[in-house]
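Here are my notes on the model you sent.

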Amino acid sequence: MPSALWRFAVVIGVPLGLAKSEYDAMLIPGWGYLIVPLLSVLQEALALLTLGLVRPWGEVWPRWVPGLRGRRIPVLAAAIPAALGALACTVYGVLFVWTTLHTDMAITQWGEWVMNVCYIPIVAWGPLLAVVTTHYYRRRTRP
């Protein structure tokens with residue numbers, strides 16, 4: 001959520017210490033006004049799906065799904081996408097740390113601090129999702 005809020009703040013023009021060149025890299029103004037918020041919405045929607053790994057609605061199709069309502073969700077139908085998501089989030093987190101340490105961003109010191117605070121939870125998201133996915137798989141396949 002913090003990284004999505006940071007991106008929304010960039011789009012609406014909250015001063016975050018970024019130089020014009022950084023806005024240009026994010027295509028703001030331009031397509032970035034569409035792409036950056038959509039990225040945040042997609043990120044939050046995928047994060048919401050993680051709750052299905054720890055909630056009952058992740059084991060049985062909801063009543064509003066025609067043709068599937070009430071049936072058990074196949075374990076691998078949830079575990080495989082979750083595992084791929086955990087891998088993708090872990091790679092993204094590693095790349096974020098590497099980029100942060102090896103790139104000279106045109107940003108003020110306080111702006112960089114705010115950005116890092118907002119993005120640090122993403123670094124933990126991949127490994128934590130892997131743990132939850134493993135628990136989901138083991139819980140659902142236990143005899």
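1. How many residues has α4, and how far does α4 reach from its first C-alpha to its last? This is a predicted model, so read every value as computed from it. α4 has 28 residues and reaches 40 Å. That is close to the 40 Å expected at 1.5 Å a residue.

2. Next, the buried side of α4 (75-102). V75, A78, A79, A82, A86, G93 and F96 are buried. What covers these buried residues includes α5.

3. Now α5 (109-141). This helix has 33 residues. From first C-alpha to last, α5 spans 49 Å, close to the 48 Å expected at 1.5 Å a residue.

4. Which helices do the buried residues of α5 pack against? They pack against α1, α3 (32-50) and α4. The buried residues of α5 are G111, M115, C118, Y119, I122, G126, L129, T133, Y136 and R140. Note that R140 is on that list.

5. The largest nonpolar core has 15 residues. W6, V10, L16, L18, Y23, I28 and Y119 touch the most other members. α1 (2-12) and α5 each supply at least two residues of this core.

6. Look at Y23 in the largest core. Leaving aside neighbours within four places in sequence, Y23 is in contact with V10, V14, L16, L18 and I28. Of these partners, V10, L16, L18 and I28 are also listed among the core residues that touch the most other members.

7. The largest pocket holds about 910 Å³ of space. Its lining counts 32 residues, and the closest to its centre are L46, A47, L49, T50 and L129. α1, α3, α4 and α5 each supply at least two residues of the lining. L129 is also one of the buried residues of α5.

8. Is E59 buried or exposed? E59 lies in the loop between α3 and α4. Its relative accessible area is 19%. Buried means under 20%, so E59 counts as buried. Not counting residues up to four places away in sequence, E59 touches R71, R72, I73, Y136, R139 and R140.

Methods. Residues numbered from 1 in each chain as written. Predicted model: local features only at pLDDT ≥ 70, side-chain atom pairs only at ≥ 80, totals over all residues. Heavy atoms only, no water. Core = buried A, V, L, I, M, F, W, Y, C linked by side-chain atoms within 4.5 Å. Buried < 20%, exposed > 50% of the residue type's maximum accessible area, 1.4 Å probe, protein only. Helix = DSSP H or I, 4+ residues; strand = E, 2+ residues; numbered from the N terminus. Contact = heavy atoms within 4.5 Å. Expected span 1.5 Å × (residues − 1). 1 Å grid on protein atoms, 1.4 Å probe; cavity = no way out; pocket = protein on both sides within 12 Å on 5 of 7 lines; lining within 4 Å. Points joined across faces, edges and corners; volume = space filled by probe spheres on them.
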